[in-house]
Amino acid sequence: MIPQTYEEWRHCITVICNQPLTRGYIEQRIKALNTPSDHMTAKFVQLYGEEQRARTLEWFERARSEL
């Protein structure tokens, strides 16, 4: 399942993956998603596309603003 909304994405991260959205984790993911040469970011784009990368980055930025 590929999340289509912020709520779906947040549920996937925090409930299904049991990954707390801490400031450190969020900042790390924002940095990686903004770095095209990052191995995991390149793989993410290969699998899910640039549009999903941009959407996911927006969701991490929203999660940061909610802290």
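The legends below describe close-up views of a predicted model.

Residues are numbered from 1 along each chain as its sequence is written, and side-chain values use heavy atoms, with hydrogens and water left out. Because the model is predicted, local features need pLDDT of at least 70 and side-chain atom pairs count only at pLDDT 80 or more, whereas totals for chains, interfaces and linings use all residues.

**View 1. The largest nonpolar core.** This core has 12 residues: Tyr 6, Trp 9, Ile 13, Leu 21, Tyr 25, Ile 26, Ile 30, Leu 33, Leu 57, Trp 59, Phe 60 and Ala 63. A nonpolar core is a set of buried Ala, Val, Leu, Ile, Met, Phe, Trp, Tyr and Cys residues joined through side-chain atoms within 4.5 Å. Buried means under 20% relative accessible area, exposed means over 50%, and partly exposed lies in between (1.4 Å probe, protein chains only). Two or more core residues come from each of α1 (6-16), α2 (23-33) and α4 (50-65). Helices (H or I, at least four residues) are DSSP runs, numbered from the N terminus. In soluble globular proteins, nonpolar side chains tend to be buried together.

**View 2. The buried face of α1.** Tyr 6, Trp 9, Cys 12 and Ile 13 are the buried residues of α1. Seen down the axis of α1, these residues fall within an arc of 130°, so they line one face of the helix. The arc is that of the directions from the helix axis to the C-beta atoms. Cover over the buried residues of α1 includes α2 and α4. Glu 7 and Ile 16 are exposed on the other side of α1. Just after the helix, Asn 18 takes a positive phi of about 55°.

**View 3. The buried face of α2.** The buried residues here are Tyr 25, Ile 26, Ile 30, Ala 32 and Leu 33. Viewed down the axis of α2, they fall within an arc of 165°, so they line one face of the helix. What covers them includes α1, α3 and α4, while Gln 28 and Lys 31 are exposed on the other side of α2.

**View 4. Contacts of Leu 33 and Arg 53.** Contact means heavy atoms within 4.5 Å. Neighbours within four places in sequence aside, Leu 33 is in contact with Thr 41, Arg 53, Thr 56, Leu 57 and Phe 60. Arg 53 lies in helix α4 and counts as buried, at 14% relative accessibility. Residues up to four places away in sequence not counted, Arg 53 touches Leu 33, Asn 34, Thr 41, Phe 44 and Val 45.

View 5. An α-helix has 3.6 residues a turn, so residues three or four places apart point the same way. Glu 50 is partly exposed, with a relative accessible area of 42%.

View 6. Arg 10 forms a salt bridge with Glu 66, with the closest N and O atoms 3.7 Å apart. Arg 10 lies in helix α1 and Glu 66 in the segment after α4, so the pair ties together parts that are 56 residues apart in sequence. Arg 10 is partly exposed at a relative accessible area of 31%, as is Glu 66 at 43%. Salt bridges that share partners join Glu 7, Arg 10, Arg 62 and Glu 66 into one network.

View 7. Glu 27 and Arg 64 form a salt bridge, the closest N and O atoms being 3.2 Å apart. Glu 27 lies in helix α2 and Arg 64 in helix α4, so the pair ties together parts that are 37 residues apart in sequence. Glu 27 counts as partly exposed at 32% relative accessibility, and Arg 64 is partly exposed with a relative accessible area of 30%.

**View 8. A nonpolar surface patch.** Ile 2, Leu 47 and Tyr 48 make a nonpolar surface patch of about 300 Å². Patches are made of residues with over 30% relative accessible area and no salt bridge; like charges are joined within 9 Å, and nonpolar side chains (Val, Leu, Ile, Met, Phe, Trp, Tyr) within 5 Å. Accessible areas come from the Shrake-Rupley method with a 1.4 Å probe; for residues, only the protein chains shown count as cover. Tyr 48 is found in helix α3 (residues 39-48) and is partly exposed, with a relative accessible area of 43%.

How values were computed: A salt bridge is a side-chain nitrogen of Lys or Arg within 4 Å of a carboxyl oxygen of Asp or Glu.
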